[in-house]
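Please find below some remarks on the model that you passed on for comment.

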Amino acid sequence: MIKFTVISTKGGVGKTTLTANLGALLADMGLRVLMIDADVQPSLSKFYPLSQPKPSAGLTEVIVRGEVTAECISSTMYRNLDIVVSDDPEGSLPHWLLNRIDRGFRLRMALNSPTVIDSYDCVLIDTQGAVGPLQDAAALAADILVSPITPEILSAREFKDGTMELLDRLEPSSALGATLGPMKAVIYRQDRTTDARVIAAGIREDFIKLKGRVTVLETVVPHAKAYKEAATLRTPVHRHERKRDGATPSAYAVMHQLTWELIPSLEGTFVESFSGRERVA
Ligand SMILES: Nc1ncnc2c1ncn2[C@@H]1O[C@H](COP(=O)(O)OP(=O)(O)OP(=O)(O)O)[C@@H](O)[C@H]1O
Ligand SMILES: [Mg+2]
């Protein structure tokens, strides 16, 4: 089982969209995927229709019990794709966590539950774009951190400073038995301006200088309306835009490339066919 946490110290960069689309593509490739909505604003929980619209439990139970039980898991309308929904509208979970000495490790511990280990090949955690104990717990639960970064000058600076702070804060946790996974940055929502290309090149250079703490992936996710349209339709973007004319690659192609870079053993695996929504068998 491989665990990814999609994280950024900046809000609105595309974390939820990326988590949902990666999750659905992996599920269509045949992996059993569990998404975890670790944002108190439940955007991922609403991204795809659920088989049972009112889940009996979710993230609160996972964090408070330190265990993922079957009741905490909801199935989406897509085969192989399940979710632990965010159910903390008051935002009290981060406060609860703050008082716990094991706050950094609670989610990591919960993901060791037999329900998760026996039933899933991949866990994908979405986080809130703000520093806090829930974000830290999500970061420490992952094998690999995935961080979308928009190639705009202010976002790029914020990314560099914020990411370094995050790594500096959490890397010492390794001493307590939880190794912080490597971070893979994805240049995300790149438009076709020269400015965006120059900044993207600058981001790559900056991170080469940081000697391997962060790797910038080759795949670039373009700014394209397909991602928004698919979200509106509550459909995975690789299903929504399979082919496309023009210079921008299709969402189908981009999401495959990104998935292969994140999980190299899947390279060459294509989602061949899919038809509408499918209930979990
Ligand atoms: N590749 C893309 N091209 C264009 N628009 C995109 C793309 N990916 C996501 N978006 C849009 O960008 C907006 C922000 O995306 P999203 O909600 O995924 O960000 P987020 O990082 O999860 O935000 P938050 O920090 O609030 O949780 C949404 O309106 C989404 O539809
Ligand atoms: Mg989000």
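1. The model is predicted, so local features need pLDDT of at least 70 and side-chain atom pairs count only at pLDDT 80 or more, whereas totals for chains, interfaces and linings use all residues. Residues are numbered from 1 along each chain as its sequence is written, and chains are lettered from A and ligands numbered from 1 in the order in which they are written.

2. Strand β2 (residues 33-38) is largely enclosed by the rest of the structure, because six of its six residues are buried (20 or more other C-beta atoms within 10 Å of a residue's own, with C-beta atoms placed from the backbone). V33, M35 and D37 point one way from β2, while L34, I36 and A38 point the other way.

3. β2 runs parallel to strand β4 (residues 81-84), to which four bridges join it, and V33 stands opposite L81 there. With strand β5 (residues 122-127), β2 pairs in the parallel sense over six bridges, and A38 stands opposite T127.

4. The largest nonpolar core has 79 residues, and those with the most contacts inside it include V33, L34, V84 and V123 (such a core being a set of buried Ala, Val, Leu, Ile, Met, Phe, Trp, Tyr and Cys residues joined through C-beta atoms within 7 Å). Helix α1 gives the most to this core, with seven residues.

5. Around ligand 1 there are 18 residues, of which G11, K15, T16, T17 and G129 come nearest (a residue is near if its C-beta atom, placed from the backbone, lies within 6 Å). α1 (15-28) and α10 (225-233) each supply at least two residues of this shell.

How values were computed
Buried ≥ 20, exposed ≤ 12 C-beta atoms within 10 Å, placed from the backbone. Pairing = 2+ DSSP bridges.
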